[in-house]
Amino acid sequence: MTVRAALPVLRTADTHCPYCALQCGMRLEEDTDGKVTASPRGGGMCKKGWTSPELLDHPERLTTPLLHGEPVSWETALDHVADRIRTIQAEHGKDAVGVFGGGGLTNEKVYQLGKWTRLALGSKHIDYNGRFCMSSAAGALNRSFGIDRGLPFPKEDLQDADVIVLVGANPAETMPPLMRFLTGAELIVIDPRRTATAEQAQLHLQPAPGTDLALANGLLHIAIEQGYLDHDYIKGHTNGFDEVRQTVAGYWPAFVERITGVSVPDLYAAARLMAGKKTAILTARGSEQHAKGVDTVTAWINLALALGLPGKPSSGYGCITGQGNGQGGREHGQKADQLPGYRMITDPAAREHVAAVWGVDPETLPGAGVSAVELLRKCGDEVKMLFVLGSNPVVSAPRAARVADRLKDLDCLVSFDFVMSETARLAEVVLPVTQWAEEDGTMTNLEGRIIRRKSLRGAPDGVHSDLWIMKELAARLDAPGAYSTDPEEIFEELGRASAGGKADYSGVSYERLEDRTFQWPVPSPDHDGTPRMFADFKFPTPDGRAKFIAVDHRHPAERRDRSYPLYLTTGRVLTQYQSGAQTRLIESLDGPDSEQFLQIHPDTAVRHGIGEGDWVRITSRRGSYTAPARLTTDIRPDTVFSPFHFPGAANANAAVSDVLDPISRMPEFKVCAVKIAPAAKP
Ligand SMILES: Nc1nc2c(c(=O)[nH]1)N[C@H]1C(S)=C(S)[C@@H](COP(=O)(O)OP(=O)(O)OC[C@H]3O[C@@H](n4cnc5c(=O)[nH]c(N)nc54)[C@H](O)[C@@H]3O)O[C@H]1N2
Ligand SMILES: Nc1nc2c(c(=O)[nH]1)N[C@H]1C(S)=C(S)[C@@H](COP(=O)(O)OP(=O)(O)OC[C@H]3O[C@@H](n4cnc5c(=O)[nH]c(N)nc54)[C@H](O)[C@@H]3O)O[C@H]1N2
Ligand code: SF4
Ligand SMILES: [Mo]
């Protein structure tokens, strides 16, 4: 390794990391040679943040539009795309063109994308990868509290909690800098694997995948039996407890032990730890990515309400969001059923308000579309042309091989990206876009905190922003509505469109965000934001009370049986991000976790004739992938685990099931039945 002498700094920008929902503050510095480095600003950063600038000048960075894989001018590419839209819509109708967005896009992009789809394309078909991510928690939060903000309090409040329960969350790998806010409390970690997070826990419960709902109901059963409830709170601030009490009466500890595999003494120990304390219950994807994800989160909210937690200092229920703009990405109109400000597209008043901001007749707005997985299923059928931006579904969607087939069945796939993702590889047209350090915008982090991303430098030669492409295409289509390339102008419009909605950003401006942040709602320019949502125990439901909702355990859509005797669960490793499209290119992240693997209990491995490092084929009823085995007692013997960061023959999503939650339309990423067999090294 050659060590360069430091060159003078040419310019700097105070911004935030391009990856996850923690949105760590980051200072970027560019030296006179054009080399960019990142360092933390205030808090911490994980390895992905430190290495993020490597992608800016990466040799595989896309810098020219591609048509059928060949470089073409922007003029040619955009004319071609506009022509395809016109021809396809003339033959098949407006809804034949769809859009698949992402929770990593800025608020300005998701807002304009929703508008562009409804007005410029005139299509109802837009949805995004947040369906894979946050939608089950969102569904449950809306149902119980009347509002959907991941953390209802600043993350700093967690430092004063006595007990923190992490349900299906592994922040030691997925948000390492968050750990310092958690470790002052006693930690209860609920995860089928002994993760790096579980290592730090006072109590680790290791349930079978897909049994968290029974576990939560069982803990509430014990809380009732042991007299841990806050009856004044239940009476004063909630509705519906009696039905929940009746339901959980059936969740005897021994019965819950049989479903979950968590021992009766451990159940009692967990309930006792939580009782009468400042307890925060936090869920993440482990408990949410199930065909009963909404009901599972609801069961944890029921427990939190019964213990009288939401609204008390450093207590309550929260969901740890995932993508950089996982929160804002679900508020401003890229969801199939949604308009900006968390308004519903089926609500006549909402349509009227937003249409007025957009300067169109409400009648011209399409109705609700369908969720992400359903949109992908329609490809090649009802949907003939798809725009993908901010997602790589060929790797990250469940039943990935079928998704790739559906995308190949399209008449036309258009990808906006800055790297050649596996999805972009299938596209007829690839349009190269700017990265985070080259554009301004706002993001809303896991605390519902609106922050500004500031650009370090302009677009590289040949590259344009997502916003610019929308504007250019709208012009070619003679579309109604105005499309800006100026993020600040779009943010002001977003503010007006969100005014009076649940996620009200109308009081925030780029100027106000210059050197501070705001947690929404911020309904007026003199409002300081809402750090603690339920501080006065008022919930934004029709009667101002939080709602208990009785929910029952259901088995995963697929159970282990003689043919498929193991559960496969999936998730993340520290050094890779999502579909890996970005992080697989970053050399400094290379290490043992740069390749797929299968985590497996030694007893299970022996039974299948598998040794450490041996290649294994993992097969479900839908498909298979291969990976070398990593033997460890950290996982339940009935369960195997792989990350989903890898494409092709290593793609775990070839096996994963696309059965959906009835409310959130979240696929069951976290549990399906598989069999395993030794495989040849590829
Ligand atoms: N390094 C890294 N960090 C990331 C990301 C990344 O790709 N890489 N992605 C970001 C995004 S978008 C998200 S959504 C977050 C996700 O953050 P997390 O939710 O923390 O991550 P996961 O690894 O998906 O799942 C967490 C844990 O759930 C466990 N689990 C599996 N099945 C079950 C179950 O049935 N019940 C319970 N209780 N647990 C179960 C898994 O073993 C895993 O350890 O991470 C964000 N941060
Ligand atoms: N088996 C399994 N599968 C899962 C999960 C799991 O736990 N298990 N988790 C799910 C979850 S929670 C999530 S969030 C998804 C995430 O998976 P994906 O939706 O595939 O997300 P990314 O890999 O982040 O894809 C982002 C793509 O957009 C590009 N991109 C980034 N920023 C921009 C931008 O500003 N503009 C444009 N045009 N492009 C941009 C990147 O280069 C990359 O190609 O995966 C889901 N899939
Ligand atoms: S924790 Fe998330 S936001 Fe912070 S540096 Fe790592 S990837 Fe970036
Ligand atoms: Mo996510």
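Ala, Val, Leu, Ile, Met, Phe, Trp, Tyr, Cys and Pro count as nonpolar; Asp, Glu, Lys and Arg count as charged; the others, Gly among them, count as polar. Keep that sorting in mind for the first stop. The model on your screen is predicted.

**Stop 1: ligand 2**

Select ligand 2 and show the residues around it. The shell divides into twelve nonpolar, 13 polar and five charged residues. There are 30 residues around ligand 2, and N129, S391, S396, D417 and S579 come nearest.

Pick K109: an N or O atom in its side chain is 2.9 Å from an oxygen atom of ligand 2. Move to N392. Here a backbone N or O atom lies 2.8 Å from an oxygen atom of ligand 2. Then click F416, where a backbone N or O atom lies 2.8 Å from a nitrogen atom of the ligand. On its own, ligand 2 has 930 Å² of accessible area, and the protein covers 96% of that.

Which domains give residues to the shell around ligand 2? Colour domain 2 (66–132 + 325–519) and domain 4 (566–678). Both contribute, so ligand 2 lies between them.

**Stop 2: ligand 1**

Select ligand 1. Around it are 32 residues, and the closest are D191, D212, R572, Q576 and Q578.

Zoom in on K48. A polar atom of its side chain lies 3.0 Å from a nitrogen atom of ligand 1. At I190, a polar backbone atom is 3.1 Å from a nitrogen atom of the ligand. At D212, a side-chain N or O atom is 2.6 Å from a nitrogen atom of ligand 1. Now bring back the surface. The protein covers 99% of the 910 Å² of accessible area that ligand 1 has on its own.

Switch to the cartoon view. Which elements give two or more residues to the shell around ligand 1? They are helix 5 (171–174), helix 12 (285–288) and strand 23 (566–571).

Why does ligand 1 lie between domain 3 and domain 4? Colour domain 3 (135–320) and domain 4 (566–678) to see: both give residues to its shell, so ligand 1 lies between them.

**Stop 3: aromatic pairs**

The structure holds 16 aromatic pairs. Start with F145 and F534. Their pair is tilted, at 4.9 Å centre to centre and with 35° between the planes. It links distant parts of the chain. F145 sits in helix 4 (residues 135–145), while F534 is in the loop between strand 21 (518–519) and strand 22 (546–547), 389 residues apart.

Go on to Y233 and F537. This pair is edge-to-face: 5.7 Å centre to centre, 90° between the planes. Y233 is in helix 8 (residues 231–237), and F537 is in the loop between strand 21 and strand 22, 304 residues apart.

Check how much of each residue is accessible. Buried means under 20% relative accessible area. Y233 has 3%, so it is buried. F537 has 22%, so it is partly exposed.

**Last stop: a ring cluster**

Select F100, F132 and F669. Ring pairs link these three residues into a cluster.

Technical notes:
Residues numbered from 1 in each chain as written. Chains lettered and ligands numbered in written order. Predicted model: local features only at pLDDT ≥ 70, side-chain atom pairs only at ≥ 80, totals over all residues. Heavy atoms only, no water. Near = heavy atom within 4 Å. Polar contact = N/O pair within 3.5 Å; in protein donor to acceptor, adjacent residues only side chain to side chain. Areas by Shrake-Rupley, 256 points an atom, 1.4 Å probe, with all protein chains shown as cover. Helix = DSSP H or I, 4+ residues; strand = E, 2+ residues; numbered from the N terminus. Domains from an automatic or database assignment. Phe/Tyr/Trp six-rings, centres within 6.5 Å; stacked < 30°, edge-to-face > 60°. Buried < 20%, exposed > 50% of the residue type's maximum accessible area, 1.4 Å probe, protein only.
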